[in-house]
Amino acid sequence: MRFLTIYKAKERNAPPTTDEMAAMGKLIEEMTNAGVLLSTEGCLPTAKGARVRRDGGKLTVTDGPFTETKEVIAGFALIQAKSKEEAIEWTKRFLQVAGDGESEIRQIAEADDFGAEFTPELREQEERQRARLAANQASPAPRPRP
């Protein structure tokens, strides 16, 4: 099973210290070697971000920083675990290194979760998309703007 863990914490406008980066690097290496960690990234401050909202068919864009928010998304990890309980244990280990904040753990939907509605044609489409995503990760190329 795959899980997305979303780390939320008070906004931090300074980069992590060398010691903090070393501790996180050690955990990332351990999780990678254990075959648990599939992907992970940290986020820059919200001043470099934006929120795009659709409500009633109308799109609005709000540039950061998001000062009204007590906790912001500080990073994420995509992990592979045998159970939700195992995902929780790895997340607890992460929080011991990352510090104060919380992580939301969400199981990723797999093809079998959609039943008969996920037709063979849709499965083929998903396989093509996953192959293209893997190719994009292997050699990122400049992409046209949306």
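Predicted model: local features only at pLDDT ≥ 70, side-chain atom pairs only at ≥ 80, totals over all residues.

User: How many cavities of 30 Å³ or more does the structure hold?

Analyst: On a 1 Å grid over the protein atoms alone, a cavity is a set of points where a 1.4 Å probe fits but cannot get out, whereas a pocket is an open set with protein on both sides within 12 Å along at least five of seven lines; lining residues have an atom within 4 Å of a point. Points are joined across faces, edges and corners, and a volume is the space filled by probe spheres set on them. Here there is one cavity of 30 Å³ or more, and the largest cavity has a volume of about 140 Å³. Its lining has 16 residues, of which Thr5, Met31, Thr40, Ala77 and Phe94 are the closest to its centre. Two or more lining residues come from each of strand E1 (2-9), helix H1 (18-33), strand E2 (37-42), strand E5 (72-80) and helix H2 (84-98), where helices (H or I, at least four residues) and strands (E, at least two) are DSSP runs numbered from the N terminus.

User: What classes of residue make up the lining of the largest cavity?

Analyst: Ala, Val, Leu, Ile, Met, Phe, Trp, Tyr, Cys and Pro count as nonpolar, Asp, Glu, Lys and Arg as charged, and the others, Gly among them, as polar. The lining of the largest cavity has 11 nonpolar, five polar and no charged residues.

User: What is the volume of the largest pocket, and which residues lie nearest its centre?

Analyst: The largest pocket has a volume of about 820 Å³ and is lined by 30 residues, with Tyr7, Arg12, Pro16, Gly42 and Ala74 nearest its centre. E5 supplies the largest share of this lining, five residues, and by class the lining has 18 nonpolar, six polar and six charged residues.

User: How many aromatic pairs are there, and how is each arranged?

Analyst: A pair of aromatic rings is described by the distance of the centres and the angle of the planes. Rings of Phe, Tyr and Trp (its six-membered ring) pair if their centres lie within 6.5 Å, and planes under 30 degrees apart count as stacked, over 60 as edge-to-face and the rest as tilted. By this rule there are two pairs. The centres of Tyr7 and Phe94 are 5.1 Å apart with planes at 85°, so this pair is edge-to-face; because Tyr7 lies in strand E1 and Phe94 in helix H2, the pair ties together parts 87 residues apart in sequence. Phe114 and Phe118 have ring centres 5.9 Å apart and planes at 40°, so their pair is tilted.

User: What polar contact does the side chain of Arg2 make?

Analyst: A polar contact is a pair of N or O atoms within 3.5 Å; within protein, one must be able to donate a hydrogen and the other to accept it, and residues adjacent in sequence count only if both atoms are side-chain atoms. The side chains of Arg2 and Glu110 are joined by such a contact of 2.9 Å. Arg2 is placed in strand E1 and is buried, with a relative accessible area of 17%.

Conventions: Residues numbered from 1 in each chain as written. Heavy atoms only, no water. Buried < 20%, exposed > 50% of the residue type's maximum accessible area, 1.4 Å probe, protein only.
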